[in-house]
Amino acid sequence: SREWRGKQGSESLHQTGRAAMKSRRWAFRCLLVLLTVAVIAGGGEGLVRLVAPQDLSGTWREPGPRGLVLNKAGGTARHSFGDHRVTYRFNRLHQRGRPMGRRSVPVLVLGDSFTFGWLIAEHESFVGRLQTKANRVFGHEAIRLLNAGTGGWGTAHSLAYLEHFGSVIRPRGVIMFVNWDDLTRSRKYPLYGLTQGGGLEL
């Protein structure tokens, strides 16, 4: 009986040792796979940065009502192109910049990427420079220019934004920058159309 128990204990220890060795081998293989993946990924990233560096940019456009593409509502986004780096900030009404102050007179500014200030610091954009001049003449943010300019917009997009958000913003005035391709874009993206071929009714 004592001899049988000894054999059982020895077999049990042997099985435990084999199981432990098997577990160690499995853990070692998993670790080896993870290290291989990390080395390949790191090497690939380093090679891309060295041979063909990519511009790292965030996302700041999102779909809106009626197929209208908008800047995102709130937060920031980084835009990188070559040596140019800029961080955009947005308010909840899809405008570039911070929210409007309560005591400011709101003036809505509409347009495309030129108005938005593509790859330009906020204070250096058309709207930022105009805001600086307005501050000098009327006092600090007595008038607040709200930059809703969005890349790729045409005049129809500007009108659609005004129709959808105008009742919330309630601007005292609207400034619209019109560039060389704005009318073509309005034809390309049919946000509006005529109900009759010979009439002018929208």
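Since the model is predicted, local features need a pLDDT of at least 70 and side-chain atom pairs count only at pLDDT 80 or more, while totals for chains, interfaces and linings use all residues. Residues are numbered from 1 along each chain as its sequence is written, and side-chain values use heavy atoms, with hydrogens and water left out.

Pockets come up first. On a 1 Å grid over the protein atoms alone, a pocket is an open set of points where a 1.4 Å probe fits, with protein on both sides within 12 Å along at least five of seven lines; a cavity is a set the probe cannot get out of, and lining residues have an atom within 4 Å of a point. Volume here is the space filled by probe spheres set on the points, which are joined across faces, edges and corners. Helices (H or I, at least four residues) and strands (E, at least two) are DSSP runs, numbered from the N terminus. The lining of the largest pocket splits into 2 nonpolar, 8 polar and 6 charged residues. In this scheme Ala, Val, Leu, Ile, Met, Phe, Trp, Tyr, Cys and Pro are nonpolar, Asp, Glu, Lys and Arg are charged, and the others, Gly among them, are polar.

The second largest pocket holds about 180 Å³ of space. It is lined by Asn91, Arg92, Leu93, Gln95, Pro99, Met100, Leu146, Val168 and Ile169, a set made up of 6 nonpolar, 2 polar and 1 charged residues.

Ile169 turns up again in the largest nonpolar core. A nonpolar core is a set of buried Ala, Val, Leu, Ile, Met, Phe, Trp, Tyr and Cys residues joined through side-chain atoms within 4.5 Å; buried means under 20% relative accessible area, exposed over 50%, and partly exposed in between (1.4 Å probe, protein chains only). The largest core has 14 residues, and Leu68, Leu108, Tyr161 and Ile169 have the most contacts inside it. Both β5 and α4 give two or more residues to this core, and α4 supplies the largest share, 5 residues. A second, separate core of 6 residues includes Trp60, Ala77, Phe90 and Phe116. As for Ile169 itself, leaving aside neighbours within four places in sequence, this residue is in contact (heavy atoms within 4.5 Å) with Leu93, Gln95, Pro106, Leu108, Leu146 and Tyr161.

Next come the charged pairs. Side chains of opposite charge can pair when their charged atoms come close. Taking a salt bridge as a side-chain nitrogen of Lys or Arg within 4 Å of a carboxyl oxygen of Asp or Glu, a search of the whole structure turns up 8. One of these joins Glu122 and Arg89, at 2.9 Å from N to O. Glu122 lies in the loop between α2 (113-116) and α3, and Arg89 in strand β4, so the bridge ties together parts 33 residues apart in sequence. Both partners are partly exposed: Glu122 has a relative accessible area of 26% and Arg89 one of 36%.

Another salt bridge links Arg185 and Asp112, at 3.0 Å from N to O. Arg185 belongs to helix α5 (residues 182-188) and Asp112 to the loop between β5 and α2, so this pair ties together parts 73 residues apart in sequence. Arg185 is buried at 17% relative accessible area, and Asp112 is buried at 1%. Arg185 also bridges to Asp182, with their closest N and O atoms 3.6 Å apart. Those two lie 3 residues apart in helix α5, about one turn, and Asp182 is buried too. Through shared partners, salt bridges join Asp112, Asp181, Asp182 and Arg185 into one network.

Finally, the backbone. Most residues other than glycine have a negative phi. His94 has a positive phi, near 65°, in the loop between β4 (84-90) and β5 (105-110); this residue counts as buried, at 9% relative accessibility. Arg170 also has a positive phi, near 50°, and lies in the loop between α4 (155-169) and β7 (173-176). At 65% relative accessibility, Arg170 counts as exposed.
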